[in-house]
Amino acid sequence: MSMKAISSKDAAALDKDLMEIGGFSLDQLMELAGLSVSQAVYRVHPPSAGKNILVVCGPGNNGGDGLVAARHLAQYGYYPSIYYPKEGKKELYQRLKTQLHNLSVPFVPDFTEALKSADLVVDAIFGFSFGGPLREPFPSIILQMESTSVPILSVDAPSSWDIQAGPPKEGPGAKFMPQTLISLTAPKPCVKYFTGRHFLGGRFLTKSILEKYGLDCPQYPGVDQIVELGVDAEGRL
């Protein structure tokens, strides 16, 4: 199935509506997003395929989603580790770190070394608000993700991609194509350039929010927080 893509401007407005009208807190939205990410990991890479999950987090809410996902993955029986070179400054991120420390989830100082033993990488560096340019240490991280044989699952958008225009024409990210993408709330326009497995996590949206932004409501199976989509979101913006 395909779904309408939502612009970064509308995605930000939708999040604001969820908090101001829907009664959600940022903590709740991040928890729902991270839970969806963890379920997508379990779907494409069950523990029997390898338990060492390297979660690469950026400084914003996308990184926070990765921290939440890592907590759930630890509870599922995986061995997540976190590479978090530029930590977010919100108090929320510090609480998420504390939760992971309490589960003995390690924060690793060297991405290159951690990648050697990873069975899967969760790319939670940049989300729908990314506007470039890349700043260190992220160009080198993107280049390594671009060339590794380790499977990668990207959160909301492959990091370095323009939300509208997709992968950059040259430089880090130009050839970055993760095996899996999970869109949060709704697909973003760049999904039309993506060729791997595509999931959606947005089961918490209300009918009024769906109608306001002209979004489709897929059928989520059972108690799943995710549903697998095609990669041909229509982008009717």
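Just after helix 3, Gly77 takes a positive phi of about 105°; helices here are DSSP runs of H or I with at least four residues, strands are E runs of at least two, and both are numbered from the N terminus. Please keep in mind that this is a predicted model, in which local features need pLDDT of at least 70, side-chain atom pairs count only at pLDDT 80 or more, and totals for chains, interfaces and linings use all residues. Residues are numbered from 1 along each chain as its sequence is written, and side-chain values use heavy atoms, with hydrogens and water left out.

Let's look at helix 3 itself. Its 16 residues, 61-76, should span 22 Å at 1.5 Å a residue, and the end C-alpha atoms are 23 Å apart, which agrees; the expected span is 1.5 Å times one less than the number of residues. Helix 3 is mostly covered, with twelve of its 16 residues buried (under 20% relative accessible area, with exposed over 50% and partly exposed in between, using a 1.4 Å probe and protein chains only). Among the buried residues are Gly63, Gly64 and Gly66, as well as Arg71 and His72.

Strand 4 is the next stop. In a regular strand the side chains alternate between the two faces of the sheet. Ile152 and Ser154 point one way from strand 4 (residues 152-155), Leu153 and Val155 point the other way, and all are buried.

Now for the whole chain. The protein chain has seven helices and seven strands, and buried residues make up 51% of its 237 residues. A compact globule with 237 residues would have a radius of gyration near 18 Å, and the protein chain has 16 Å, which agrees; this radius is taken over C-alpha atoms, and the globule rule is 2.2 Å times the number of residues to the power 0.38. Of the contacts (heavy atoms within 4.5 Å) with a separation of 6 or more, 76% come from residues 24 or more positions apart.
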